[in-house]
Structures are given as structure tokens and as C-alpha cells.
Amino acid sequence: MQTLDSSIQATTNSAPEFDTVIHRRKTRPVKVGDVTIGGGYPVVVQSMINEDTLDIDGSVAAIRRLHEIGCEIVRVTVPSMAHAKAMAEIKDKLTKTYKPVPLVADVHHNGLKIALEVAKHVDKVRVNPGLYVFEKPKANRTEYTQAEFDEIGEKIRETLEPLVISLREQGKAMRIGVNHGSLAERMLFTYGDTPEGMVESAIEFIRICESLDFKNLVISLKASRVPVMLAAYRLMVKRMDELGMDYPLHLGVTEAGDGEYGRIKSTAGIATLLAEGIGDTIRVSLTEAPEKEIPVCYSILQALGLRKTMVEYVACPSCGRTLFNLEEVLHQVREATKHLTGLDIAVMGCIVNGPGEMADADYGYVGKQAGYIALYRGREEIKRVPQDNGVEELINLIKADGRWVDP
């Protein structure tokens, strides 16, 4: 007869119960306007407008649309000095016609002058280490000498220092945003096209900031391939732990595409790391209207139990035992209750999948006999009602408990 190995038995008996709570990595808090990233605060949702920043009215409207549906930090692209100056008008108009919104400026190629100007008008500046001091690749290069590597490193320091001092004096933040597709040539020659190159690129910039007593930093290491993105963030956490760094991380899969696959690809990368406790702010990058990104962000956070911003629906997949059109009824229940927050509502087709599998739900809608619905509060059956009145009676039950709000 097969028996359990004694060493396994000992381990099993002494091990604690499986933990169902995600324990987030401890990070330092970084303020971006009136929002805090890291420091144990809820994971922050971000997106980016796609309007030309020179279009003041269009940009203000786009920022407002995102903020009104739950985007907490909005990023804008700033490719020129004119765009940087336009941010002053955008910020002023937002404040006058709506409210202050935490804004991030995206600065890329040789961006010191642009960054210094826009730092006066936004709450955070994002710089890309691979492009901030842009070195045009040499076609015939076969290696980088240490002297060449160090020379460019010193040039980076000279170029980054004024921006760091400006942000430090204003109490603002910086995102060091590494992209796998735009690593600097010397990093590619030294580390290859690898997560290690991405991590070392970020650490070089972090060390410059730290030497200037500036730690209002958020770090990202994005890639369009999920395995590369996962490896880069995990390695970054390992290196930061070794170096005593506790900077918050911005998660995202860059250039994820659109549609169902774009959402799945983003979720595969972002949710995997969040489940490991890694990540303090997220952006789902879709080739769609920016407003389409926000529901995906909140769905990821809700599914992991990190934020509860909508109703959690529990529903069985339906089978031959189901006593009503489950897909149709779930749609009816969702449409009637989707504006609520903080509730778990279960829609179950039969008694087999009923009380047991919906035990954690606040309310249950269960098919128990043909033509009738059993309504539950938690594990307790409250009443049975005709199927045609099921959704109405569910709403009445929620109202009776004082947990209903009008749409």
C-alpha cells in the first residue's frame, strides 16, 4: 500500500495554512499631486491621453474624461519645448474648469531643457534612460571600452542633475521608465538585450538621484513580451533588496495591442506580479481609446482582492441541472446592480452549486425548483419568489439591508 513519505508528512503538519491574502512588498511612499504611490496605499490606476498636448482644449477634455471614470494619474507626451509650455495652460484650465488632476509628463530624446520647463507644470516627470541622453548607435562598433562607458555615464549625470535638483526643490516625483525596446547602445553591448540590461539601466539613474538626495522615484521596466517583463521586474526587486532600495514599481506590458488578446496579455503580466506582492501602480496599454484601459485595470485589482470598486459577481458556468437561462439572468442582475460597490452577488443555476459555492457572497440568487428562485443573504435562505420577480425581489432584499443606492 502506498504511504505518505514521512518527510513530506512532517512538512505538511508543520506548515501554516495557505494564505489567501496578497502581501505587498513594502515600498516608500511617493506623492504625485494628491495621490500617493507605494507606502501601503492602494494600487494606483494610470493611463495616458493620445491628444496632441498643443491642443489645450482637447487635452483638458481627455484628461477630465479619464479622471472622471477613475484614472487617478494621467500622463501626457511632451516632445518639444512648445508642448512643455502648453502644460502650464492645461493645468490652469483643468483647475479652473474641473479640478486639479495629478499629471505626468513623458520626456524622451535629449530632453533636459524640455524636462526642466515641464517640471514646473506637472507633478511627475517620466524619463527613459535609453533616450534621455541619446547616443546615435555607431554601425561599425564592436565593443564599448570602460572609459567610453564611464564617459557617457558622466554625461548622463551632468544632464540629469539639473532636473533632479528642480524636482527635489519642488517636492515633485520622477519615474525612471525603462523600456526593453529602447535600451541604450552601451547597455546592449554590456549586458545584451536582457532583463539585466534593463535593471542596470534603471539602477544607474537611481544612483545618480540618490547621490543628490532625491528619492521621490517610481521605477518601471516595461516590455512587449510578458516573460521579459516578468523577469525584469523580479530581477529589479532582487537587486533593490540587495542594495537596500524600496522604490515603488509601476507595472505594465507595453504595446500590448487591442481587443481580447491585448487585455489578456496585459493581465498575464500585471496580475502575475501583483499576486507576488510586486507593484504599486499600473497601466494597461491598449491600442484603443484610453478610457477602455481603466475598466481592465480595476478588474485586475478587483479579481486579486487588492481594490474593491464594483460588484463581484459569482456565477456557475451552467449545465443540464440549471433551472433558468443563467446567461440571461446574470445579465439582468448585473444591469440592475452594477452601479453598486463593495458587494458580492452570486447567481447559481441549481442547488448543487448554490449555497456551498456561493458561501462568501453577500447575496445569492439560486434556482431551486422550476419557476422559482431562492434568495439568500450569505448562507441563509431568506425567501423563494417566482422567477419573473427574482431580480426585483433581490433589489428589495438589498434595500431592506440598507445597502442599496440609486444609480
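**Figure 1. Strands β14 and β15 run antiparallel and are joined by six bridges, β15 covering residues 380-386.** Strands pair here if DSSP finds at least two bridges between them; helices (H or I, at least four residues) and strands (E, at least two) are DSSP runs, numbered from the N terminus. The model is predicted: local features need pLDDT of at least 70, side-chain atom pairs count only at pLDDT 80 or more, and totals for chains, interfaces and linings use all residues. Residues are numbered from 1 along each chain as its sequence is written, and side-chain values use heavy atoms, with hydrogens and water left out. Tyr376 stands opposite Glu381 in β15. Two residues separate β14 and β15 in their hairpin, and Gly378 in the turn has a positive phi of about 60°.

**Figure 2. Strand β13 (residues 363-369) runs antiparallel to β14 (residues 372-377), with six bridges between them.** Tyr363 faces Arg377 in β14, standing opposite to that residue. The hairpin of β13 and β14 has two residues between the strands, and Gly371 takes a positive phi near 85°.

**Figure 3. An open sheet of eight strands has parallel pairing, in the order β8-β7-β6-β5-β4-β3-β10-β9.** The edges are β8 (217-222) and β9 (250-251); each has a single partner strand, so one side of each is left without a neighbour in the sheet. Two bridges pair β3 (residues 44-48) with β10 (residues 281-282) in the parallel sense, and Val45 stands opposite Ile282 in β10. Helix α2 (residues 56-68) lies across β3, β4 (73-77) and β5 (103-107), running at about 155° to β4. Axes are lines fitted to C-alpha atoms, for helices over the stretch in contact (heavy atoms within 4.5 Å); angles run from 0 to 180 degrees between N-to-C directions.

**Figure 4. Asp241 and Arg25 form a salt bridge, with the closest N and O atoms 3.7 Å apart.** Asp241 lies in helix α8 (residues 226-243) and Arg25 in the loop between α1 (6-14) and β1 (30-32), so the pair ties together parts 216 residues apart in sequence. A salt bridge is a side-chain nitrogen of Lys or Arg within 4 Å of a carboxyl oxygen of Asp or Glu. Asp241 is exposed at 52% relative accessibility, whereas Arg25 is buried at 17%. Buried means under 20% relative accessible area, exposed over 50%, and partly exposed in between (1.4 Å probe, protein chains only).

**Figure 5. Lys383 forms a salt bridge with Glu393, the closest N and O atoms lying 2.7 Å apart.** Lys383 belongs to strand β15 and Glu393 to helix α12 (residues 390-400), so the pair ties together parts that are ten residues apart in sequence. Lys383 is partly exposed at 31% relative accessibility; Glu393 is buried at 19%.
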